[in-house]
Amino acid sequence: MWQFLAGPGDGSEAGGQCPDCAPGQGRRALLGLAAALAAGPAQAAQRPSSWLSVKVERGRTLIALVMERPTAWRLTALDGPPRLLLDLPGLPWRGPARQLGMGVVKSLERQGSGSTQQLVIVLAAPVAAPNAKLSGGRLTIGLAPGPAAGFARLADGRSLAAAAVPRGPLPLVVLDPGHGGKDPGAIGARGTQEKRITLAATLELKRQLEAGGRCRVALTRSRDVFIPLGDRIELARRREAALFLSLHADSAPGARGASVYTLSETATDSFSAALARRENEADRAGGLRLPSVPPDVQRILLSLMRQETRAGSEKLARLAVAALENEVALLPNTHRRAGFVVLKAPDVPSALVKLGFLSHPQDEAALNRPAHRARLAAALAETVHGFLGARGPILAERG
C-alpha cells in the first residue's frame with residue numbers, strides 16, 4: 001500500500017503563489033485551474049492523489065514523484081551511509097522537508113533549494129541498480145536489496161538515470177524606456193531629457209541581456225516615439241512576457257539616487273504618489289482576457305493571477321535593489337510602492353526603476369555618461385537573470 005508523504009489531494013495548491021516556478025508556469029497552471037473548475041468535480045478527481053509517495057510491492061520499494069513541469073532530474077548514489085541523491089532543480093516542493101520511508105528506504109529528505117534542490121533517499125541497506133521510469137509526468141524509482149560491494153560500485157558519481165528538459169523558447173523580457181516623442185519626461189538643469197536617457201539605458205540593457213543568452217528581449221519603443229501607457233502594458237501581456245521592466249529618471253527637489261517601484265493602489269508615501277500621478281497622465285488600461293468560464297470562476301482566477309503576479313513583482317524589486325546598491329547611489333527607502341499604470345498588468349510581474357533624478361546635478365551628469373549607464377544596465381541584467389533563475393543543465397539519458 002502507498003504511504004502518502006506529501007500532497008493535499010484536493011488540488012488546492014494549484015493556484016497558490018509559487019516562488020520557485022519558472023516564469024509563465026504559474027500563469028499556465030492558473031489557466032488549467034480555470035478549465036478544471038469549469039469542467040466540474042469529475043475532471044478534478046483525476047488529479048494525482050499524492051505528490052510524493054512510497055510503497056513496497058513484491059519485495060521492491062517504489063518511490064513515486066509527480067513532476068509538475070519538465071525537470072532535469074538526475075539520480076546518483078553515495079556510500080557511507082548508503083543513499084541516493086535525486087537532483088530536482090527548480091521543482092516546486094509540496095511537502096515537509098523530511099519524511100520516514102518504508103522497505104529499503106529509511107527516510108526521504110529535502111536538501112538545498114532552487115537550482116540546487118535534491119531529494120536525499122536515505123537507505124536502510126545497500127540496493128541494486130535502481131530502475132527509474134518517467135511516464136505521464138510521474139517519476140517512479142524501483143529499489144531492491146543488493147550487495148554492499150555492488151552498491152559501492154554504483155556510488156562513483158556517475159548518473160544512474162537522468163532526463164533532459166526539452167528546450168523551448170527562451171523567456172521573453174519586455175523593457176520599457178519611459179516617455180518618448182511628444183512626451184520628453186523630466187528635464188534636467190542642463191537640459192537633459194528623460195526620454196533620451198531612458199532609451200539609451202534600455203538599449204544598453206538589451207545588449208547585455210542578449211549577450212547573456214538567457215532570454216529574449218522586446219522593447220516597447222526603440223526610437224523617439226510616443227507610446228501610450230496601455231499599449232506598453234498590452235505588448236507585454238499579448239506576448240506572455242516573463243517580466244516587464246520600465247526604466248525612468250525623474251525630477252524632485254533635493255532627491256538623488258536610483259529607486260525601484262512595484263504596484264500598490266495605496267502609495268507608500270506622498271512622494272511616490274506624486275511620481276505615479278505624473279507618470280500616469282497617459283493612462284489607458286486594457287482588460288484582461290480570461291478563458292470562457294463562469295463569472296465567479298473568472299473572479300477567482302483573476303484574484304489568483306494578481307496574487308502570483310504581486311509576489312513575482314516583489315521578488316523582482318528585491319533583486320533590483322540588491323544589485324543596484326553595490327553600483328550606484330540609492331534613494332532612501334529604495335523599494336517603494338505606488339499606482340503606476342505600467343505596473344498594472346495582472347498577469348506579468350513588473351517593476352519600475354528610477355535610474356536617478358535629473359534635477360540633481362550629480363545624477364544628471366552621471367546619467368549622461370555611457371559608462372554609468374552601462375553599470376546600471378549590468379546591475380539590472382543581474383536582476384533579470386536572478387529573477388529568471390539559472391537554467392537547469394541539459395542531461396543525457398544514461399544507463
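1. Is aspartate 347 buried or exposed? In this predicted model, aspartate 347 is buried, its relative accessible area being 11%. Its salt-bridge partner is arginine 237, with the closest N and O atoms 2.9 Å apart. The pair links distant parts of the chain, since aspartate 347 lies in the loop between strand S16 (330-338) and strand S17 (350-357), whereas arginine 237 belongs to helix H5 (residues 229-238), 110 residues apart. Arginine 237 also counts as buried, at 7% relative accessibility, and a network of salt bridges links Glu234, Arg237 and Asp347.

2. The bridge between glutamate 210 and lysine 206, at 3.0 Å from N to O, lies within helix H4 (residues 194-212), where the two residues are four apart and therefore separated by about one helical turn. Glutamate 210 is partly exposed at 39% relative accessibility, and lysine 206 likewise counts as partly exposed, at 22%.

3. Glutamate 57 and lysine 55 also meet through their side chains in a salt bridge, with an N to O distance of 2.9 Å. Here glutamate 57 is partly exposed, with a relative accessible area of 37%, while lysine 55 counts as buried at 13%.

4. For the chain as a whole, the salt bridges number 14, and the secondary structure consists of nine helices and 17 strands. Of the 399 residues, 48% are buried, and the accessible surface comes to about 18200 Å², with 52% of that area belonging to carbon and sulfur atoms. Among contacts between residues at least 6 apart in sequence, 76% join residues at least 24 apart.

Technical notes. Residues numbered from 1 in each chain as written. Predicted model: local features only at pLDDT ≥ 70, side-chain atom pairs only at ≥ 80, totals over all residues. Heavy atoms only, no water. Buried < 20%, exposed > 50% of the residue type's maximum accessible area, 1.4 Å probe, protein only. Contact = heavy atoms within 4.5 Å. Areas by Shrake-Rupley, 256 points an atom, 1.4 Å probe, with all protein chains shown as cover. Salt bridge = Lys/Arg side-chain N within 4 Å of Asp/Glu carboxyl O.
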